[in-house]
Amino acid sequence: MSDIHIRKSGQAGRITFTRPKALNAMSYDMCMAIDAAMRDWAADDSVRLVVIDAEGDKAFCAGGDIAELYDTGTKGDYSYGRTFWRDEYRLNARIFEYRKPVISFMQGFTMGGGVGIGCHGTHRVVGESSQIAMPEVGIGLVPDVGGSLMLALAPDHLGEYLGMTAARMGADDAILAGFADYFIPQDQWPALIAALEETGSAKLVEDAARPAPEGQLRAVRKDTAAHFGKGSLENILAGLEAEVSEFTAAALKSLKRNSPLSMACTLEMLRRLRADGPAIRRALDLEYRYTFRAMEKSDFLEGIRAQIIDKDRNPQWQYAGQPVPAQAVDDMLAPLGADALTFEEEVQ
């Protein structure tokens, strides 16, 4: 497949995204190719670890390829999207629960579906150009691909802030928020990957790590703790509007740009994950409840239209300028019954 290069090299299983002109956006076929390789390597004793990287300077993987999702969804065919998300989420769980080291090198943009591939391994490497984000609320979705789990675990309500504003994280920010583990200067990556292939020792990553240049999130932790732990979207908006500061102005600008239903559901997902005990399968199950219904009942298709198809940047959101009814949130996150996301008994 020309969009992705999967092979064994030395003692490593190797996965490289190879469509840099498309910011390495991931198609369904690419997702399934990764899943097949991970299955094979789980039982292959010659593969001691897995290395995931990408060609190009701009992006590790900027997200899922959503053109087909929009095309099918606008025709009333919801099955393609539901299948895509189901199988993608199963792959996310496979990476998270893998019994061998999984090492990702995330330069440039790592967003949406890219987070699901790069941010669930054991050794998540970032560098000078890294920009990680969960921008789903801007297109009428919720942070998914297991991203809700990391948001729920982030300190000082950084999870609510990142999930609702779609703020981008540099290297230090991503490490602080739990989306990455190690900062390594990018000019050292090729030699490190070659050494990983030769030795099969993930400890080389830890040995190569350096302190990351300080990011932006550390300076706003008090602000996120004060404003984004207020429970409801309406309370958060009211609190931000009551205080005049550079932080509140920027946060309000972002919140007023994104889907109210998506943000309200994001808040509820994080609340439930913390209450029930955050776990990857629980997070993915909650996410799938939303995405299963997304084309039919949420702002997703309208968000794609406004941001990507027509590019008028003027989405007509449900509940714009009004409180999101609690029932609407409950309806989006209600159990799916027979359609619920399922996993293999033991993902390897």
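The model contains an open sheet of 6 strands in the order β1-β2-β3-β5-β7-β9, with mixed pairing. Strands (E, at least two residues) and helices (H or I, at least four) are DSSP runs, numbered from the N terminus, and two strands pair if DSSP finds at least two bridges between them. This is a predicted model, in which local features need pLDDT of at least 70 and side-chain atom pairs count only at pLDDT 80 or more, while totals for chains, interfaces and linings use all residues. Residues are numbered from 1 along each chain as its sequence is written, and side-chain values use heavy atoms, with hydrogens and water left out.

Strands of a sheet pair through backbone hydrogen bonds, either parallel or antiparallel. At the edges stand β1 (4–9) and β9 (182–183); each has a single partner strand, so one side of each is left without a neighbour in the sheet. The strands β1 and β2 (residues 12–17) run antiparallel and are joined by 6 bridges, with S9 opposite A12 in β2. Elsewhere in the sheet, β3 and β5 run parallel, joined by 3 bridges, and V50 stands opposite V102 in β5. The pairing of β5 with β7 is also in the parallel sense, over 4 bridges; here M106 stands opposite V126 in β7.

Strand β5 is mostly covered, for 5 of its 5 residues are buried. Buried means under 20% relative accessible area, exposed means over 50%, and partly exposed lies in between (1.4 Å probe, protein chains only). From β5, V102, S104 and M106 point one way, whereas I103 and F105 point the other way. Helix α8 (residues 189–199) lies across β1, β2, β3 (49–54), β5 (102–106) and β7 (123–126), and runs at about 165° to β5.

The interior may be considered next. A nonpolar core is a set of buried Ala, Val, Leu, Ile, Met, Phe, Trp, Tyr and Cys residues joined through side-chain atoms within 4.5 Å. The largest such core has 94 residues, of which F17, F179 and F300 touch the most other members. Helix α14 (residues 280–297) supplies the largest share of this core, 9 residues. A second, separate core of 15 residues includes A12, I103, V125 and A202. Contact means heavy atoms within 4.5 Å; leaving aside residues up to four places away in sequence, F179 touches residues including M106, V115, C119 and R124.

Two packed helices are described by the angle between their axes and the distance between the axes. The axes are lines fitted to C-alpha atoms, for helices over the stretch in contact, and angles run from 0 to 180 degrees between N-to-C directions. The axes of α1 (residues 28–42) and α3 (residues 79–96) come within 10 Å and cross at roughly 30°. Among the residues making this contact are Y28 and C31 of α1 and Y80 and T83 of α3.

Helix α15 (residues 300–309) has 7 of its 10 residues buried, so it is largely enclosed by the rest of the structure. Its buried residues include F300, E302 and R305, and what covers them includes α2 (67–74), α3 and α14. After α15 comes K311, whose phi is positive, near 55°. In helix α13 (residues 260–276) lies R272, which is buried with a relative accessible area of 16%. Not counting residues up to four places away in sequence, R272 touches R282, L286, R289, D330 and L333.
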